[in-house]
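Please look over the sequence and the structure before reading on.

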Amino acid sequence: MTDETLTVEIWRGKDTGRFETYQVPHRQSQTILDVVTWIQRHREPALAYRFACRVGMCGSCAMTVNGRPRWTCRTHVSKVAASGGVRIEPLRNLPRIKDLVTDMTPFFEKWQTARGRFEPSATRSEPMAAIPSDDPERRIVDAGIECINCGVCHAACDVVAWNPDYVGPAALNRAWTLANDQRDGDRAGVLKAVSAAGGCHACHTHGSCVEHCPVGLNPTAGIAGLKRMTLSALLKGGLS
Amino acid sequence: MIEARLYLLQRGSAMLLAPLVLIHLGLILYAIGDGLSAAEILGRTRGSFAWAAFYGLFVLAAAVHAPIGLRNLAREWLAWRGRSVDAAALVFGLVLLALGLRAVWAVIGFGIGAGDGA
Ligand code: SF4
Ligand code: SF4
Ligand code: FES
């Protein structure tokens with residue numbers, strides 16, 4: 001990498017394709033998303049990629065950058081291009097659509113499989129549940145609730161790659177927050193869902209998800225918590 | 001549900017195996033270091049309810065633990081899934097159990113069989 005120019009390789013195509021190389025002007029505080037956008041605006045109008053918020057909120061811009069899954073809008077070039085170049089590919093463990101765009105459908109379907117959706121225990125005409133913010137269960141929920149659904153952990157997880165049934169760290173992290181949410185109307189149902197094949201017991205606790213999660217969540221800890229919770233439910237006969 | 005059960009069985013058997021394996025290794029070192037002959041060893045184990053219980057438990061825990069781990073490996077690394085891998089793991093566990101118990105029987109024997117060293 002010279003001061004002025006970056007050499008950027010970008011995956012073009014779907015499952016078969018090739019890396020195309022582009023020279024991109026290097027600017028200060030430039031992000032990987034800035035680089036991709038520059039190429040799309042100035043060199044390759046047909047380049048497909050996805051983003052929305054540009055500030056790390058929406059979770060739509062994740063790609064593989066120099067072999068690692070990252071949120072590209074908050075990844076500075078200076079942080080990843082130290083050795084000279086940048087290679088950008090679509091996220092791993094998801095079907096590819098075109099260029100840098102993956103199909104997130106299986107990712108979100110796995111959230112449903114893990115019962116990663118809130119089941120209300122009250123209607124809107126009933127008073128709101130008052131849960132103190134220092135309640136121990138609520139603190140557990142708060143620790144895992146800020147997921148932006150970016151799929152970075154899903155791409156980082158080898159078990160997702162090995163076992164197509166595995167629902168993955170993000171879905172289990174969501175299930176964990178619901179299993180601890182006093183307002184959820186079917187917490188036992190969450191435990192049943194994550195005890196199925198491909199659920200929390202398939203996790204190897206190797207922590208790649210924690211290592212890569214851009215917002216600093218710890219899905220591994222939540223999955224370990226689910227293992228404990230499901231075991232105690234099993235011993236009490238609550239899983240049948 | 002079944003996954004949670006298998007998980008419990010695998011972790012439970014691992015907790016049993018950890019001390020059993022250490023004792024077993026210690027025994028091997030002791031027997032070899034002391035230069036005990038096969039006959040001397042058999043003389044101590046034959047008819048011993050304690051050794052039968054120790055190694056019976058060992059075999060049982062191993063026969064539970066190993067097939068569950070192999071099933072996981074087969075599913076993840078060989079992409080072998082479904083009922084056939086479950087059946088194969090079960091058969092493997094039963095073979096381990098049979099071989100293990102046969103070995104325990106040979107060492108404990110309760111005075112039955114030839115070559116009683118006591
Ligand atoms: S800890 Fe579990 S979920 Fe996280 S990367 Fe490892 S196997 Fe995947
Ligand atoms: S847990 Fe982290 S890495 Fe995984 S989807 Fe949520 S924000 Fe992204
Ligand atoms: S564009 Fe929204 S998180 Fe990157």
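N180(A) counts as buried because its relative accessibility is 3%, and the cut-off for buried is under 20%. The model is predicted, and every value here is computed from it.

Where does N180(A) sit? It is in the loop between α7 (169-179) and α8 (187-194) of chain A. Its side chain has a polar atom 2.9 Å from the backbone oxygen of W176(A). Leaving aside residues up to four places away in sequence, N180(A) touches E137(A), I140(A), V141(A), R187(A) and M229(A).

How many cavities of 30 Å³ or more does the structure hold? There are two.

The largest pocket has a space of about 430 Å³. Its lining comprises 18 residues, and the closest to its centre are L27(B), I41(B), T45(B), Y55(B) and V107(B). Four helices of chain B give two or more residues each to that lining: α1 (2-33), α2 (38-45), α3 (49-77) and α4 (83-108).

The table sets out the linings by class.

| Space | Nonpolar | Polar | Charged |
|---|---|---|---|
| Largest pocket | 14 residues | three residues | one residue |
| Largest cavity | 11 residues | three residues | no residues |
| Second largest cavity | seven residues | five residues | no residues |

The lining of the largest pocket has one.

**Chain A as a whole**

Chain A has 10 helices and seven strands. Along the principal axes, its C-alpha atoms fill a box of roughly 65 × 35 × 30 Å. The chain has 240 residues, and 48% of them are buried. It exposes about 11600 Å², of which carbon and sulfur atoms supply 50%. Take the contacts in chain A between residues at least 6 apart in sequence. Of these, 64% join residues at least 24 apart.

**Helix α1 of chain A**

Which residues of α1 (residues 32-42) in chain A are buried? They are I32(A), L33(A), V35(A), V36(A), T37(A), W38(A) and I39(A). An α-helix has 3.6 residues a turn, so residues three or four places apart point the same way. In α1(A), I32(A), V35(A), V36(A) and I39(A) are among the buried residues.

What do the buried residues of α1(A) pack against? Their partners in chain A are the strands β1 (5-13), β2 (17-25), β3 (62-65) and β5 (85-89), along with the helix α2 (77-80).

Definitions and conventions: Residues numbered from 1 in each chain as written. Chains lettered and ligands numbered in written order. Predicted model: local features only at pLDDT ≥ 70, side-chain atom pairs only at ≥ 80, totals over all residues. Heavy atoms only, no water. Buried < 20%, exposed > 50% of the residue type's maximum accessible area, 1.4 Å probe, protein only. Contact = heavy atoms within 4.5 Å. Polar contact = N/O pair within 3.5 Å; in protein donor to acceptor, adjacent residues only side chain to side chain. 1 Å grid on protein atoms, 1.4 Å probe; cavity = no way out; pocket = protein on both sides within 12 Å on 5 of 7 lines; lining within 4 Å. Points joined across faces, edges and corners; volume = space filled by probe spheres on them. Nonpolar A, V, L, I, M, F, W, Y, C, P; charged D, E, K, R; others polar. Areas by Shrake-Rupley, 256 points an atom, 1.4 Å probe, with all protein chains shown as cover.
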